[in-house]
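Take a look at the rings, strands and helices as you go.

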Amino acid sequence: MPLVKNGQITHDQFVFVSDESPISDSGPVVVSAARFLTDPESLLRRNANTGVLWPNNRKISELAPYLDRLGLVALVFPNFRDGRAYSQARLLRERYGYRGELRATGQILRDQFLFLLRAGFDTLDVLKEADVPAMADVLRRYSVFYQPTGDGRLTAAQARLSQHQTYSGIGR
């Protein structure tokens with residue numbers, strides 16, 4: 001599956017390591033939540049980035065003590081009807097202040113791209129290469145939003161207020 005960031009296919013620097021395989025001390029890796037929670041400190045002491053594949057039925061609070069040292073959190077969408085990973089993403093970005101790579105993986109559809117980005121995901125593991133131009137189109141097409149989220153974009157009301165303040169001399 002192609003990995004998409006900013007509307008373009010990108011190289012995945014992380015390699016998934018199964019629970020039974022040894023982990024090299026070099027090179028970015030992604031491990032399962034179960035493996036990570038078994039011995040997080042030794043995984044985080046490696047000389048390379050460590051990421052975790054986090055299922056949507058686990059509490060994000062379990063990751064909180066380690067977030068500042070994780071290079072990647074990949075949240076799983078087991079099917080397109082299960083949206084718990086959206087809530088996990090918002091918690092990671094807004095409550096816990098996670099600034100590393102946040103990846104959506106699993107069964108994600110084109111209709112979800114904008115919502116995934118608004119929830120805080122910055123990388124999508126899309127189903128097929130034809131989804132890449134669709135994501136780029138979403139990024140171009142939608143630029144004004146009414147609802148606030150943790151993605152850093154101003155809401156329509158905030159943008160209007162800042163324009164009003166600039167024009168009236170309040171913001172000077």
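Is Phe36 buried or exposed? Phe36 is buried, because its relative accessible area is 0%, which falls under the 20% cut-off. Please keep in mind that this is a predicted model.

**Aromatic pairs**

- A pair of aromatic rings is described by the distance of the centres and the angle of the planes.
- With centres within 6.5 Å as the rule, the count comes to three aromatic pairs.
- One of them is formed by Phe36 and Tyr66, an edge-to-face pair with 5.3 Å centre to centre and 85 degrees between the planes.
- This pair links distant parts of the chain, 30 residues apart: Phe36 belongs to helix 1 (residues 33-38), while Tyr66 sits in the loop between strand 5 (50-54) and strand 6 (72-77).
- Tyr66 is buried as well, because its relative accessible area of 15% is also under 20%.
- Phe77 and Tyr86 make an edge-to-face pair too, with 5.2 Å from centre to centre and 75 degrees between the planes.
- Phe77 counts as buried, at 0% relative accessibility.
- Phe77 and Tyr86 also belong, together with Phe121, to one aromatic cluster.

**Parallel strands**

- Strand 3 (residues 15-16) and strand 4 (residues 29-32) run parallel and are joined by two bridges.
- Within this pairing, Val15 has Val29 in strand 4 as its bridge partner.
- Strand 4 also runs parallel to strand 5, and four bridges join them.
- Here Val31 stands opposite Val52 in strand 5.
- In a regular strand the side chains alternate between the two faces of the sheet.

**Helix 3**

- Helix 3 (residues 84-95) has twelve residues and reaches 16 Å from its first C-alpha to its last, close to the 16 Å expected at 1.5 Å a residue.
- Its buried residues are Ala85, Gln88, Ala89, Leu92 and Arg93.
- Seen down the axis of helix 3, these buried residues fall within an arc of 120 degrees, so they line one face of the helix.
- Their cover includes strand 5, strand 6, strand 7 (101-106) and helix 4 (113-119).
- Gly97 follows helix 3 and has a positive phi, near 65 degrees.

Methods
Residues are numbered from 1 along each chain as its sequence is written. This is a predicted model: local features need pLDDT of at least 70, side-chain atom pairs count only at pLDDT 80 or more; totals for chains, interfaces and linings use all residues. Side-chain values use heavy atoms; hydrogens and water are left out. Rings of Phe, Tyr and Trp (its six-membered ring) pair if their centres lie within 6.5 Å; planes under 30 degrees apart count as stacked, over 60 as edge-to-face and the rest as tilted. Buried means under 20% relative accessible area, exposed over 50%, partly exposed in between (1.4 Å probe, protein chains only). Two strands pair if DSSP finds at least two bridges between them. The expected span of a helix is 1.5 Å times one less than its number of residues. The arc is that of the directions from the helix axis to the C-beta atoms. Contact means heavy atoms within 4.5 Å.
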